Amino acid sequence: MPRVQVIVNPASRDGRCGKAWPEVHQRMEADGWEVEAFITSGPGDAARHAYGLVGEGHVGPGDLVVAVGGDGVVHEVASGLRGSGAVLGQIPFGSGNDFAITHGIPRNDIDGALRCLKEGVDRPSGAWRLEAHPAAPASGDYPVQANAWDGPAEKEGRIVRWTFLETDAGISSSISRAKLRRAKWLHGPIKYTWLGVSTIPVWRRRKVELQMDDQPAETVDLTLLASCTGETFGGGYRVCPGMAPSDEEAVLVVAPRLSRWRMLNLMGSVKKGKHVGIWGITSHRVRRLDLRPVDGNGTPSDVPLDLPTYIQADGEPILQLPATLVWHPAQVIARGAKSVPWDSEREV
């Protein structure tokens, strides 16, 4: 029987993952797997365990580690496995499941996800190395700390996170940051809809200095910038049309100053991937991005300002500008469907 390490987040999908896990475990064993399972109990547990599996020699190149849950546990497991050559699989149990969307893993279909684990194709996937300042105050939900698996920062006062799904700054990261103090009684997609509707009307404008690769830096009256490892984030919204995890460069989408009405009405266009080219929204191919907040006098700052500009790491709203992002191809091996649209030239 093939042995597989499985890391389960029982809190995924509002606790339904934990309730379903015993049956999933039985089905995996009935399907021929020898399962060694680890159940997480809080933020950081999955990354810590995956990193330990690598460091202690329990998994290495070609060995499969399965994340059971949503994109949050995928982020943590990928962080712990990064650079090891171990293979990351998933049984989706999240609200968004954009890792599954990108890699063609069936959602809401356990049998299909199990077939993908046994019959799928392993492909290299890139990631952003994000180095930024911690956001204050810290939250017990998302502790701000340097992690051994992320590596040390190059600049004083910063910490590092690797993003395997999405990073963004502007109104979207402010909406995500708001979840630390508001709408904790709401769950699922409606939570972010409510946070968006309630945050946009009071969101304070800000300017950011943006430098892409070796191009001259420019100051942008920013509404949003975002980059994904695939096309989608937020449960299928095509934020970065044309992006594939195997690309040597990443897609960066930048939205300049938008009216609040346009912010509220942008979601429909983003869902279809039709937002680039309207209202001044642009798309760029980049390898490096340097971001600095701009103060009221128009001067870029090398330290955080009183009005913070948050930047996310796979949904973790714990960092703020100044920040540096560097795209690194082939940071993790992902097991996905035999055929995915962005890998059409592969013979299967």
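## Close-up views of a predicted protein chain

**View 1. How much of the chain is buried.** Buried residues account for 52% of the 348 residues in the protein chain. The model is predicted. A residue counts as buried when its relative accessible area is under 20%. The accessible surface of the chain totals about 15,200 Å². Carbon and sulfur atoms hold 51% of that surface.

**View 2. The overall fold.** The protein chain contains eight helices and 14 strands. Its radius of gyration is 20 Å, close to the 20 Å that the globule rule gives for 348 residues, so the chain is as compact as a globular protein of that length. The C-alpha trace spans about 65 × 45 × 40 Å along its principal axes.

**View 3. Charged side chains.** The protein chain carries 39 positive side chains and 41 negative ones. The centres of the two sets lie 8 Å apart.

**View 4. Helix α2 and its cover.** Helix α2 runs over residues 45-55. Which of its residues are buried? They are D45, A46, A47, A50, G52 and L53. What covers these buried residues? The cover includes two strands, β1 (3-8) and β2 (34-39). Helix α3 (71-81) is also part of the cover.

Technical notes
Residues are numbered from 1 along each chain as its sequence is written. This is a predicted model: local features need pLDDT of at least 70, side-chain atom pairs count only at pLDDT 80 or more; totals for chains, interfaces and linings use all residues. Side-chain values use heavy atoms; hydrogens and water are left out. Helices (H or I, at least four residues) and strands (E, at least two) are DSSP runs, numbered from the N terminus. The radius of gyration is taken over C-alpha atoms; the globule rule is 2.2 Å times the number of residues to the power 0.38. Buried means under 20% relative accessible area, exposed over 50%, partly exposed in between (1.4 Å probe, protein chains only). Accessible areas come from the Shrake-Rupley method with a 1.4 Å probe; for residues, only the protein chains shown count as cover. Lys and Arg count as positive and Asp and Glu as negative; His and the chain ends are not counted. The place of a charge is taken as NZ of Lys, CZ of Arg, CG of Asp or CD of Glu. Contact means heavy atoms within 4.5 Å.
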